[in-house]
Amino acid sequence: MDLKLLKRRGPDEWHISPHGKMRVPGVIYATESLIRGMDEKVYEQVVNVATLPGIMQASYAMPDAHWGYGFPIGGVAAFDPDLGGVVSAGGVGFDISCGVRTLRTGLTVEDLQPVKERLAEALFHRIPAGVGSTGLVHLDKHEMDAMLAGGAKWAVGKGYGLHEDLEFIEERGCMAGAKPENVSDHAKKRQQDEMGTLGSGNHYLEVQQVVTLFDAEAAAVFGIREGDIVVSIHCGSRGLGHQIGTEFLKSMAVSAARYHIELPDRELACAPINSEVGQDYLGAMRAAINCALANRQIVTHLVREVFADVLPEAVLSLLYDVSHNTCKVEEHVIDGTPTRLFVHRKGATRAFGPGHSDIPPSLRAVGQPVLIGGTMGTASYVLVGTKESMSLAYGSACHGAGRSMSRHQALRQWHGREVVKDLAGRGILIRSPSMRGIAEEAPGAYKDVSEVVDAADEAGLARKVARLEPLICVKG
Amino acid sequence: MQQPRSETEEARWEHFPHEADIGVRGIGSTKEKAFEAAGLAVTAVITDLASVSPMQAVQIACEAPDEELLLVDWLNALVYEMATRKMLFSRFTVHLNDHSLHATAWGEPIEVARHQPAVEVKGATYTALSVKRDEQGRWIAQCVVDV
């Protein structure tokens with residue numbers, strides 16, 4: 001991105017002055033080197049989001065921002081329903097409530113080493129991953145609706161996981177306001193065999209080692225120490241969320257003119273929050289959030305079963321579960337007044353600061369855990385929300401590394417088998433049904449996650465707590 | 001990535017880069033052929049087209065207010081059929097009438113070991129979406145798909 005387009009307001013804060021039809025400024029949080037590497041499309045998309053009706057304060061982009069659909073991936077924007085604010089299917093994305101959860105195991109690297117190969121094989125065989133894979137849970141119409149209304153809470157009720165898990169999931173595992181009746185038969189059919197599956201692309205299940213602690217106090221509260229083994233799961237609402245995104249993108253693109261919304265890009269398809277289409281989408285989107293939470297809960301149950309077989313001394317407890325493709329109703333202070341806003345986070349993680357009532361009581365004093373996924377060859381990070389983050393971008397932070405290279409380019413550069421061999425040489429076991437998938441997801445095809453996380457830390461969006469490195473990775 | 005060209009080609013497909021995902025483009029002597037070729041480009045995102053036998057036929061119909069939205073609907077209908085039938089498709093015939101589409105897709109059930117599917121397509125998007133004729137009079141039908 002051309003730096004001349006931006007005004008620097010701090011070491012990691014860049015502003016786009018309102019121009020043309022922009023209602024608010026654009027704000028990008030990133031280091032100079034990340035900004036230089038960003039696609040011009042990110043600029044264009046931040047500007048376009050700033051033109052939408054009812055947008056408050058600014059159109060924000062996180063340090064990992066890249067070219068998305070309508071909204072940049074890494075985009076955050078909030079809308080006031082009383083000022084004609086909109087909800088956007090493009091602003092949530094296709095993989096509704098895609099997110100990351102991390103589980104402690106109570107084990108150390110020494111415990112894992114003797115059974116590492118066996119654990120990798122068992123996880124790969126037990127957790128359905130990749131194109132065409134089917135889950136073990138098949139839902140009839142009644143159970144599908146119960147799942148869509150109940151989320152992870154429904155899953156726990158069915159015996160998938162523990163009641164105490166729910167405390168450490170956003171929305172306590174159940175998104176209120178879900179309307180299963182707003183979810184089409186097509187979307188439900190796409191989901192009927194996909195509960196408890198990882199999916200493909202950048203989704204994964206990793207066994208990781210805590211290699212560095214940056215914040216001893218927060219780490220102690222989160223219950224992690226150097227050398228600990230944790231498990232992280234990255235997946236979303238599967239076919240159901242994709243289908244809801246597809247259907248509402250179209251209905252919002254078609255209805256925009258009726259609501260007198262001028263779309264600079266059809267992908268920004270949106271509808272007033274206080275409209276029939278807007279309310280229909282919110283009900284369906286919240287049902288998809290529940291689908292994602294239930295999905296990660298079932299995968300967690302499968303992981304526990306595998307550990308019970310291979311490492312029975314392990315006790316898997318949930319550190320936290322975050323979603324990074326959502327629109328949620330939150331109260332934020334605007335010009336000194338607490339205001340109810342619809343906050344879109346597209347490829348951005350909620351990162352509430354200490355004391356926020358939505359954080360579980362046992363973690364509230366330090367802030368919300370923020371889980372950032374990396375690549376299978378680098379690292380993931382645990383961060384914590386900060387007090388100042390609440391006034392920077394509604395308590396939001398980055399969500400991952402973001403690609404630096406297209407799938408096509410990656411396929412020309414790497415062979416899956418070589419990537420697997422190289423990583424095995426570094427002690428990382430990769431298991432996947434598709435070697436081509438591995439090549440497309442090669443670590444070198446992604447930006448440096450550490451640079452993204454450092455930028456989020458320096459900008460004050462969230463503070464680094466721990467670095468996790470992969471030992472086993474199951475890829476879809 | 002693109003299909004090998006031949007001198008007498010009536011249609012071909014190619015992929016174009018998108019930072020996080022991938023663009024699909026069908027090029028044909030008619031709009032129908034461009035839509036068919038775009039369908040092939042979607043399968044090629046997932047697997048090697050040559051590995052998919054056109055053994056089983058599936059009927060697809062959709063309609064939309066304009067031809068660009070119709071392209072997205074067509075590709076999304078394919079995504080839906082692939083996801084719910086657990087199939088891959090390697091041959092298409094498309095018939096267009098105003099803004100409605102009737103098509104037959106031929107393919108076979110996914111076999112993971114043989115097809116090595118790299119990634120599932122979540123949906124076709126409105127990004128880089130266009131259906132138009134180029135200066136040589138060929139039809140180009142393209143958009144980015146989310147994977």
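## Close-up views of a predicted model

**View 1. Salt bridges between chain B and chain A.** Between chain B and chain A, 6 salt bridges are counted, in a structure that is a predicted model throughout these legends. In one salt bridge between these chains, the side chain of Arg238(A) meets that of Glu120(B), with a distance of 2.7 Å from N to O.

**View 2. The side of chain B that touches chain A.** Two or more residues each are given to this side by α1 (31-46), α2, β6 (123-124) and β8 (139-146) of chain B. Among these elements, α2(B) gives the most, with 8 residues.

**View 3. The extent of the contact between the two chains.** Chain B contributes 43 residues to the contact, and chain A contributes 44 residues. The size of an interface is often expressed as the accessible area that is lost when the parts come together. For chain B and chain A, the area buried between them is about 3800 Å², of which 56% lies on carbon and sulfur atoms.

**View 4. An open sheet in chain B.** The 3 strands of this open sheet follow the order β3-β5-β4 in chain B, and their pairing is antiparallel. Since β3 (56-63) and β4 (87-97) of chain B stand at the edges and have a single partner strand each, one side of each is left without a neighbour in the sheet. Neighbouring strands of the sheet are turned against each other by 20° on average, with direction ignored.

**View 5. The pairing of β4(B) with β5(B), and the helix packed on the sheet.** The antiparallel strands β4(B) and β5 (residues 100-109) of chain B are joined by 10 bridges. Within this part of the model, Val94(B) has Ala103(B), a residue of β5(B), as its bridge partner. Helix α2 (residues 67-85) of chain B packs on the sheet and touches β3, β4 and β5 of chain B, while its direction makes about 140° with that of β3(B).

**View 6. A salt bridge within chain A.** Over all chains, a search of the whole structure finds 41 salt bridges. Glu143(A) and Lys158(A) form a salt bridge in which the closest N and O atoms are 3.1 Å apart. Glu143(A) belongs to helix α6 (residues 141-157) of chain A, whereas Lys158(A) lies in the loop between α6 and α7 (185-191) of chain A, so the pair ties together parts that are 15 residues apart in sequence.

Technical notes
Residues are numbered from 1 along each chain as its sequence is written. Chains are lettered from A and ligands numbered from 1 in the order in which they are written. This is a predicted model: local features need pLDDT of at least 70, side-chain atom pairs count only at pLDDT 80 or more; totals for chains, interfaces and linings use all residues. Side-chain values use heavy atoms; hydrogens and water are left out. Two strands pair if DSSP finds at least two bridges between them. Helices (H or I, at least four residues) and strands (E, at least two) are DSSP runs, numbered from the N terminus. Axes are lines fitted to C-alpha atoms, for helices over the stretch in contact, and angles run from 0 to 180 degrees between N-to-C directions. Contact means heavy atoms within 4.5 Å. Buried area is the accessible area (1.4 Å probe) that two parts lose on being put together, summed over both. A salt bridge is a side-chain nitrogen of Lys or Arg within 4 Å of a carboxyl oxygen of Asp or Glu.
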